[in-house]
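Open the structure in your viewer and keep the selection tool at hand. The tour below says what to select at each stop and what is there.

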Amino acid sequence: MPRSRTNGNFIDKTFSIVANILLRIIPTTSGEKEAFTYYRDGVMSAQSEGNYAEALQNYYEAMRLEIDPYDRSYILYNIGLIHTSNGEHTKALEYYFRALERNPFLPQAFNNMAVICHYRGEQAIRQGDSEIAEAWFNQAAEYWKQAIALTPGNYIEAQNWLKITGRFE
C-alpha cells in the first residue's frame with residue numbers, strides 16, 4: 001500500500017487529501033502525477049518518520065518519472081538533505097550541485113552547502129590545519145553570499161558570521 005494511504009497523523013492526512021484533490025484538478029500527465037506521488041511519499045517518510053532508506057527509494061523513483069527540471073531540482077535537493085542527515089557530506093554536496101544546475105534559485109541548497117563547508121573548516125581547525133580550514137571557510141562564505149543574495153532577509157546567523165569574519169562585502 002502506498003505510504004500516502006497509511007499516514008496516521010492529522011497533518012499528514014490533510015496534506016494527502018489536499019494533494020490528491022490538486023492532482024485531480026490540475027491538468028497533468030499520469031507520469032507527472034505518479035512522480036509527484038513518489039515525491040510526496042519521500043518527503044513524508046523522510047521528514048515525518050526519519051525513514052531515509054524508504055524516502056530515497058521514493059525520490060529515486062520520482063527522478064525516474066519526473067521530466068521537469070524545476071521539479072527534479074527539489075527531488076535532488078531532498079536527496080541531498082538525506083545524505084546530509086546521514087553525514088554523507090560529499091554525496092550531499094553532489095546532489096545540491098545537481099539541484100542547482102536545474103534551478104539556480106534554491107537558497108536552501110546554497111545554505112546547506114555552506115553549512116557543510118563550514119563544518120569541514122571546523123574539522124580542519126581541530127586537526128590543526130588552518131590553511132585548509134581557511135579554504136573551507138572561504139567556500140562557505142561564497143555559498144552563504146549566494147543564499148543571502150537570493151533571500152536577503154534570511155540566514156541572519158550566516159550574515160553575522162560573514163560580518164564578524166570580514167567576509168561580508
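A crossing of two helices is called left-handed if the near helix is turned anticlockwise from the far one by less than a right angle. Keep that in mind for the first stops.

Before selecting anything, note that this is a predicted model. The protein chain has an average pLDDT of 86, and 78% of the residues score at least 70.

**Stop 1: H3 and H4.** Select residues 52–65, which form helix H3, and residues 69–85, which form helix H4. The axes of H3 and H4 cross at roughly 155° and come within 10 Å. Angles over 145 degrees count as roughly antiparallel, so H3 and H4 are roughly antiparallel to each other. H3 passes H4 in a left-handed crossing. On the H3 side the contact is made by Tyr52, Ala55, Leu56, Tyr59, Tyr60, Ala62 and Met63. Residues of H4 in this contact include Arg72, Leu76 and Ile79.

**Stop 2: H4 and H5.** Among the contact residues are Arg72, Leu76 and Ile79 of H4, and Tyr95, Tyr96 and Arg102 of H5.

**Stop 3: H4 and H6.** Now show H4 with helix H6, residues 107–126. The two pack at an angle of about 25°, and their axes are 11 Å apart. H4 is therefore roughly parallel to H6. H4 passes H6 in a left-handed crossing. Tyr74, Tyr77, Leu81 and Thr84 of H4 meet Gln108, Ala109, Asn112 and Ile116 of H6.

**Stop 4: a loop residue.** Where is Tyr155 placed? Tyr155 sits in the loop between helix H7 (130–150) and helix H8 (156–164). Tyr155 is not a glycine, yet its phi is positive, about 60°.

**Stop 5: aromatic rings.** Select Phe137, Trp144 and Trp161, which ring pairs link into a cluster. In the whole structure a search finds five aromatic pairs. Then select Lys163 and Phe168: Lys163 lies over the face of the Phe168 ring, at 5.5 Å from the ring centre.

**Stop 6: the start of the chain.** Finish with residues 1–7, where pLDDT stays under 50. The model has 16 contacts beyond four places in sequence for residues 1–7. Where pLDDT is low, the predicted coordinates should not be read in detail.

Note on methods
Residues are numbered from 1 along each chain as its sequence is written. This is a predicted model: local features need pLDDT of at least 70, side-chain atom pairs count only at pLDDT 80 or more; totals for chains, interfaces and linings use all residues. Side-chain values use heavy atoms; hydrogens and water are left out. Rings of Phe, Tyr and Trp (its six-membered ring) pair if their centres lie within 6.5 Å; planes under 30 degrees apart count as stacked, over 60 as edge-to-face and the rest as tilted. A charge sits over a ring if NZ of Lys or CZ of Arg is within 6 Å of the ring centre and within 35 degrees of the ring normal. pLDDT is the predictor's confidence in each residue, from 0 to 100. Contact means heavy atoms within 4.5 Å. Axes are lines fitted to C-alpha atoms, for helices over the stretch in contact, and angles run from 0 to 180 degrees between N-to-C directions. Helices (H or I, at least four residues) and strands (E, at least two) are DSSP runs, numbered from the N terminus. Angles under 35 degrees count as roughly parallel, over 145 as roughly antiparallel, 65 to 115 as roughly perpendicular and the rest as oblique.
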